[in-house]
Amino acid sequence: MLGDTYRLQFADTACDPDKGVDAVRQLIQAGAVAMVGPVCSGVTLRVARSVTIPAGVVLLSVASASSLITQLDDQDLVFRTAPSDALKGTSLARVAHEMGVRSVAVSHASDAYNTGVAQVFADAFKALGGRVTVNQSHEPRQADYQREARAAAAGAEDVALFAYSGSGGVQYLKDVLEQPGVRRVLGTDGLMSKDLASALSPEQLSRMTFVLAAADTEREGYKRWLAMAAGAKVKADGPYVAHAYDAAFMMALAIEAAGVADKSKVSAGLRAISGPKGAVIYPGEFAKAKALLKQGAHINYDGASGPVDFDAAGDIVGRVSVNRYGNGAWQAKLVK
């Protein structure tokens, strides 16, 4: 934009709402006109309500999935490139049903994301004819989860666990998988981490099924992103990596579409460069997009993660994958 530089300033929210508010407030005071992130749903909800919406600053999250975000009175200032937990929760319920699960014990951490996705899962599972025998909440970062694990194991052979791996989720998995009678554990992307392979045995890993937000690997946008990521030595298929690229790329395009780095124009800029109509732009095609915008064209960005077409609430449809452990590695299968 007139030779200006798109500059990213970084701050760590530590997945903590209080720290997130402080970090984002400092960024805005330093002159930031838009936010790429936060990652965690609880931080996004608090930051949006307390800081970015009152300040009139657009927030574009790369991973926050809580369905509560959809319900925000956000004045068209909150968007996300990751799908809502409504998609992951319903998909996990369908996967469980297809696996032959008919009764399940549900346990979830008390934070916004895991509470929300657990409820979506439970409702969808019951709608399919399944029975939820236990539905319990637990606090993150406990030394152990023996009590909760015993309660879950007493309810059903199969357990649906919703927690963050770094906030006690790995310990909970260890405790529940050691309970006699527990056959399988189901979960979403909060539990997936590199720590699982070292914390659990291959036999324990093989008893888990996770549904994750996924890039649409069948589309041209992902193929181009894959080539770019390989050249930059970036792990393209890491959790939300493609979604993060899309958010950063789209924010740059939105400011370009606005014609000025003005926080009041970023929301309209995002709408102008997202589909479903318009000239298709793939990852890496910034120069092409810039030329089209200069001509007054509407852009339809088809991203690394898939189509990033915002609805009225700033949400996208998205895709998910089913992930299981086998042959020494996690195997992902895109859900149709």
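This is a predicted model: local features need pLDDT of at least 70, side-chain atom pairs count only at pLDDT 80 or more; totals for chains, interfaces and linings use all residues.

Me: Which residues have the most contacts inside the largest nonpolar core?
Reply: Met35, Leu60, Trp225, Met250, Leu270 and Phe310. That core has 55 residues.

Me: And which helix gives the most to this core?
Reply: Helix H10, residues 241-258, with nine residues.

Me: What's in the second, separate core?
Reply: That core has 27 residues, including Val134, Tyr172, Val182 and Met192.

Me: OK, charges. How many salt bridges does a search of the whole structure find?
Reply: The search finds 13. One of the salt bridges joins the side chains of Lys88 and Asp189, at 3.1 Å from N to O.

Me: Is Lys88 buried or exposed?
Reply: Buried, because its relative accessibility is 0% and the cut-off for buried is under 20%. Asp189 is buried too, with a relative accessible area of 12%.

Me: What does Arg319 pair with?
Reply: Asp216, in a salt bridge of 2.8 Å from N to O. Asp216 is buried, at 6% relative accessible area.

Me: And which residue forms a salt bridge with Asp302?
Reply: Arg219, with the closest N and O atoms 2.6 Å apart. This pair also links distant parts of the chain, 83 residues apart: Asp302 is in the loop between strand E10 (299-301) and E11, and Arg219 is in the loop between E8 and H9.

Me: How do Asp302 and Arg219 come out, buried or partly exposed?
Reply: One of each. Asp302 is buried, with a relative accessible area of 10%, whereas Arg219 is partly exposed, at 32%.

Me: Which residues are linked in a network of salt bridges?
Reply: Glu157, Asp158, Arg183 and Arg184.

Me: Switching to strands. What's the order in the open sheet of three strands?
Reply: E1-E2-E3, with parallel pairing. Strands E1 (34-36) and E3 (78-80) stand at the edges with a single partner strand each, so one side of each has no neighbour in the sheet. On average, neighbouring strands are turned by 15° against each other, direction ignored.

Me: How many bridges join E1 to E2?
Reply: Three, and E2 covers residues 58-61. Met35 has Leu59 as its bridge partner in E2. Met35 also turns up among the residues with the most contacts inside the largest nonpolar core.

Me: What lies across E1, E2 and E3?
Reply: Helix H2 (residues 41-55) does, running at about 165° to E2. Helix H11 (residues 266-273) lies across these strands as well, at about 45° to E2.

Me: At what angle do H1 and H2 pack?
Reply: About 35°, with the axes 8 Å apart. H1 is residues 17-29, and the crossing of H1 and H2 is right-handed.

Me: Which residues in H1 meet H2?
Reply: Pro17, Asp18, Gly20, Val21, Val24, Arg25 and Ile28. Among the H2 residues they meet are Val43, Arg46, Val47 and Val51.

Me: Last topic, a couple of single residues. Where is His108 found?
Reply: In strand E4, residues 103-109. His108 counts as buried, at 10% relative accessibility. Apart from residues up to four places away in sequence, His108 touches Asn114, Thr115, Ala118, Asn135, Gln136, Ser137, His138 and Phe162.

Me: And where is Ser84?
Reply: Ser84 is in the loop between E3 and H3, and counts as buried at 12% relative accessibility. Leaving aside neighbours within four places in sequence, Ser84 is in contact with Ala65 and Ser67.

Definitions and conventions
Residues are numbered from 1 along each chain as its sequence is written. Side-chain values use heavy atoms; hydrogens and water are left out. A nonpolar core is a set of buried Ala, Val, Leu, Ile, Met, Phe, Trp, Tyr and Cys residues joined through side-chain atoms within 4.5 Å. Buried means under 20% relative accessible area, exposed over 50%, partly exposed in between (1.4 Å probe, protein chains only). Helices (H or I, at least four residues) and strands (E, at least two) are DSSP runs, numbered from the N terminus. A salt bridge is a side-chain nitrogen of Lys or Arg within 4 Å of a carboxyl oxygen of Asp or Glu. Two strands pair if DSSP finds at least two bridges between them. Axes are lines fitted to C-alpha atoms, for helices over the stretch in contact, and angles run from 0 to 180 degrees between N-to-C directions. Contact means heavy atoms within 4.5 Å. A crossing is left-handed if the near helix is turned anticlockwise from the far one by less than a right angle, and right-handed if clockwise.
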